[in-house]
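Thanks for coming. I have one structure to go through today, and I will take it from the overall picture down to single residues. Please have a look at it first.

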Amino acid sequence: MANVVVVGVDASQSARKAAEVALDLAQSLGASLHVVTAFEMENAETFGVGSDKVRISNADSSEIVAKSLGASRPGVEITHFAARGKPADSLIKEAVRLDARVIVVGNRRMRGIGRLLGSVANSVAHNAPCDVYIANTYED
């Protein structure tokens with residue numbers, strides 16, 4: 001088994017917290033961190049005018065998070081990947097591809113009605129080929 005920690009992110013604050021937990025875990029294990037964004041349909045917005053235009057896509061979340069985490073902890077190798085598909089399936093596929101040691105997911109949607117409808121964490125926990133760490137990303 002490779003010494004890789006995989007974490008799933010989107011643009012949410014909850015995902016950012018899960019990524020920070022994953023970074024701490026990767027550092028303590030002497031592992032690399034692989035940040036994954038999954039999207040079923042790409043959404044993009046363009047900001048600015050003329051030559052100062054910037055296009056931001058939901059597919060860019062993994063790169064944005066990976067770069068900011070890397071800046072905060074330069075000693076950990078951090079890679080990123082954007083995958084088209086359902087988040088849980090994409091995380092599991094990346095974990096298989098990398099022979100990951102652990103997948104880190106946040107616990108968003110594991111309370112209330114979201115718990116009944118299903119969550120990425122629940123799906124990953126039931127189908128992952130490796131250990132799963134569910135990070136507490138709630139404010140309370």
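One definition before I start: a residue counts as buried when its relative accessible area is under 20%, as exposed when that area is over 50%, and as partly exposed in between. I will need that for N107, which has a relative accessible area of 12% and is therefore buried. Please also keep in mind that this is a predicted model.

Now the overall picture. The protein has 140 residues, and 38% of them count as buried. Its accessible surface comes to about 7,900 Å², with 51% of that belonging to carbon and sulfur atoms. There are 5 helices and 7 strands. Going along the sequence, they come in the pattern β-α-β-β-β-α-β-α-β-α-α-β. If we take the contacts with a separation of 6 or more, 72% of them are between residues 24 or more positions apart.

Next, the helix pairs. I have two of them.

The crossing of α1 and α2 is right-handed. Which residues make the contact? On the α1 side they are R16, A19, E20 and L23, and on the α2 side V65, S68, L69 and S72. Sorted by class, that contact of α1 with α2 has 4 nonpolar, 2 polar and 2 charged residues.

While we are on α2, that helix also holds G70. Is G70 buried or partly exposed? Its relative accessible area is 23%, so G70 is partly exposed. G70 and L33 lie 37 residues apart in sequence, and their C-alpha atoms are 9.7 Å apart in space.

The second pair is helix α3, residues 87–98, and helix α5, residues 120–127. Here the axes are 9 Å apart, and the packing angle is about 40°. That angle makes α3 oblique to α5. This crossing, of α3 and α5, is right-handed. From α3 the contact uses P87, A88, L91 and I92, and from α5 it uses V120, S123, V124 and N127. By class, the contact of α3 with α5 has 6 nonpolar residues, 2 polar ones and no charged ones.

That leaves two residues in loops.

D99 sits in the loop between α3 and β6. Its phi is near 50°, which is a positive value in a residue other than glycine. With a relative accessible area of 38%, D99 is partly exposed.

N107 is in the loop between β6, residues 102–106, and α4, residues 112–117. As I said, N107 is buried, because its relative accessible area is 12% and the cut-off for buried is under 20%. What does N107 touch, leaving aside its neighbours within four places in sequence? The contacts are with I134, A135, N136, T137 and Y138. For N136, the distance from N107 is 29 residues along the chain, while the two C-alpha atoms are separated by 5.7 Å.

That is everything I have on this one. I can go back to any part of it.

Note on methods
Residues are numbered from 1 along each chain as its sequence is written. This is a predicted model: local features need pLDDT of at least 70, side-chain atom pairs count only at pLDDT 80 or more; totals for chains, interfaces and linings use all residues. Side-chain values use heavy atoms; hydrogens and water are left out. Axes are lines fitted to C-alpha atoms, for helices over the stretch in contact, and angles run from 0 to 180 degrees between N-to-C directions. Helices (H or I, at least four residues) and strands (E, at least two) are DSSP runs, numbered from the N terminus. Angles under 35 degrees count as roughly parallel, over 145 as roughly antiparallel, 65 to 115 as roughly perpendicular and the rest as oblique. A crossing is left-handed if the near helix is turned anticlockwise from the far one by less than a right angle, and right-handed if clockwise. Contact means heavy atoms within 4.5 Å. Ala, Val, Leu, Ile, Met, Phe, Trp, Tyr, Cys and Pro count as nonpolar, Asp, Glu, Lys and Arg as charged, and the others, Gly among them, as polar. Buried means under 20% relative accessible area, exposed over 50%, partly exposed in between (1.4 Å probe, protein chains only). Accessible areas come from the Shrake-Rupley method with a 1.4 Å probe; for residues, only the protein chains shown count as cover.
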